[in-house]
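Subject: Structure handover and notes

Dear colleague,

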Amino acid sequence: MPLLPLVGSATQVPLLDGTTTTYANLDVAASAPALQSVAARVAEVLPWYASVHRGAGYLSQVSTALYEQSRQQIGAYVSARDDDVTVITRNTTDAVNLLAGCVPGRVLVLDIEHHANLLPWRRVASGVSVVEGRDSLAGAVAVLADELARDSYALVAITGASNVTGETLPVGEIVTLAHAHGARVFVDGAQLLAHRRFSLAATGADYVAFSGHKLYAPYGAGALVGRRDWLDVGTPYLAGGGAVDDVEVGETTWQPAPARHEGGSPNVVGAAALAAACAALDAVDPVELDRHEAALRGRLVAGLTALDGVDVIRLWPAEAEPEAIGRAVEELAEPVGVVTFTVRGIEPGRVAAYLSAEHGLGVRDGRFCAQPLLKRLGLSAGAVRASIGVGTSVADVDRLIAGVRSLLAGDVTGDYVLEAGVWTLAEDPRPIVGPAGLSRLADTAGSCGAAV
């Protein structure tokens, strides 16, 4: 059973055979649908929407209070410390770029990261070192230790959970290691926080960033939460009104964080939505959430592994970790609900197009904005990713397994062709049943996804 009700969970989509089916959304790792409670909160606050921080009118005062209260709730979701600051951003990518303008030294990062936790660090004046994640979790931690001992770094940037495989890093261990060498730690929580609790206070991590659109609040807000000092004096992220204390013709005095990095009119509705999502997820029993994900992920991995011709992708072999890291198996965090696989002899885009058109399944294909990692794993052509969330059911997982089995058996009706790097139906007879005004379905390729 789904843990929380989602908007659109009963949406019907047309299939190639002329029938319709309930859409099975196994692409929540990319963008999750809104929780019903979040959509209700947005509907509740919209009549009160007005200017924030600069209006004396009653609605402006309400909106300002709503925005600042949402900031507090968002920070509380990651157990922000008393001296931490929460900056409202557009998404995780926005947050990482913001922090990159404030880091006073070199950055160290593994090659397993999403592009959002790779590319912004190239802008840091002191530079970035990207090191190979190796073929074991212990090896990944060891290479960080070696590099920290070899050179001086201000920041180590790591993912909380891989957006490719769902595997997690030992954040607390890396924090201890980095702090011993005088470096801070940033955690990309985009993939982790919708699946598992995270605490700045408990892990000792210095910064975390996350996105509303992955946290069942797709209304354009994200957050960067962490140590205030760098953010108070770092390069203002968005120059403009609200970020300044005083402006002369040739000189500007900037506000401290968070205002320093929130120039322009803030996204009060997005902030309220993100805060509502944080509250809803925080109310779910973490043990129940872990059981839900572990059961569905285990069922999906077992079902795919049992199919001859399917390979499930991992960063590190699970059996090698306990001895190498020195912990019991049960103490190592299980992967979150993300499973990536390939079907031998069939391009990932064709697999995804088939599952959509003939089974009503939404999955992701391509290189998942993690091209260095995919290339190192020998997957330059990409792979297929299925992701589990609070609205995923056993029926969704079983439909995916059955769909891949049918593909392997040659039970294919459509004529799938590659056009401009995108696998699609040669002639798609499915009607447009989406929002009013649509004239055709969009191509699905993106700059991160297509392996062209």
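This is a predicted model: local features need pLDDT of at least 70, side-chain atom pairs count only at pLDDT 80 or more; totals for chains, interfaces and linings use all residues.

Arg71 has a relative accessibility of 7%, and because the cut-off for buried is under 20%, Arg71 counts as buried, whereas Glu68 is partly exposed at 27%.

In one of them, Asp27 is paired with Arg364, with the closest N and O atoms 3.5 Å apart. Asp27 sits in the loop between β3 (24-25) and α1 (36-45) while Arg364 is in strand β16 (residues 364-366), so this pair ties together parts that are 337 residues apart in sequence. Asp27 is buried, with a relative accessible area of 13%, and Arg364 is partly exposed, at 38%. Together with Arg385, these two residues are linked in a network of salt bridges.

The other pair is Arg344 and Asp308, whose closest N and O atoms are 3.9 Å apart. Here Arg344 lies in the loop between β14 and α11 (348-359) and Asp308 in the loop between α9 and β13 (310-312), so the parts tied together are 36 residues apart in sequence. Arg344 is partly exposed, with a relative accessible area of 49%, and Asp308, at 68%, counts as exposed.

Turning to the chain as a whole, the domain assignment gives domain 1 (12-33 + 285-425) and domain 2 (39-283). The contact between them takes 39 residues from domain 1 and 36 residues from domain 2, and the centres of the two domains, taken over C-alpha atoms, are separated by 28 Å. Between them the domains bury about 3300 Å², with 56% of that area on carbon and sulfur atoms. On the side of domain 1, Trp316, Val336 and Arg376 lose the most area to domain 2, together 22% of what that side buries.

How many salt bridges cross the interface of domain 1 and domain 2? The rule finds two there, and it also finds 24 residue pairs in polar contact across that interface. By class, the side of domain 1 that touches domain 2 has 24 nonpolar, five polar and 10 charged residues.

With best wishes

Terms used
Residues are numbered from 1 along each chain as its sequence is written. Side-chain values use heavy atoms; hydrogens and water are left out. Domain bounds come from an automatic or database domain assignment. Contact means heavy atoms within 4.5 Å. Buried area is the accessible area (1.4 Å probe) that two parts lose on being put together, summed over both. A salt bridge is a side-chain nitrogen of Lys or Arg within 4 Å of a carboxyl oxygen of Asp or Glu. A polar contact is a pair of N or O atoms within 3.5 Å; within protein, one must be able to donate a hydrogen and the other to accept it, and residues adjacent in sequence count only if both atoms are side-chain atoms. Ala, Val, Leu, Ile, Met, Phe, Trp, Tyr, Cys and Pro count as nonpolar, Asp, Glu, Lys and Arg as charged, and the others, Gly among them, as polar. Helices (H or I, at least four residues) and strands (E, at least two) are DSSP runs, numbered from the N terminus. Buried means under 20% relative accessible area, exposed over 50%, partly exposed in between (1.4 Å probe, protein chains only).
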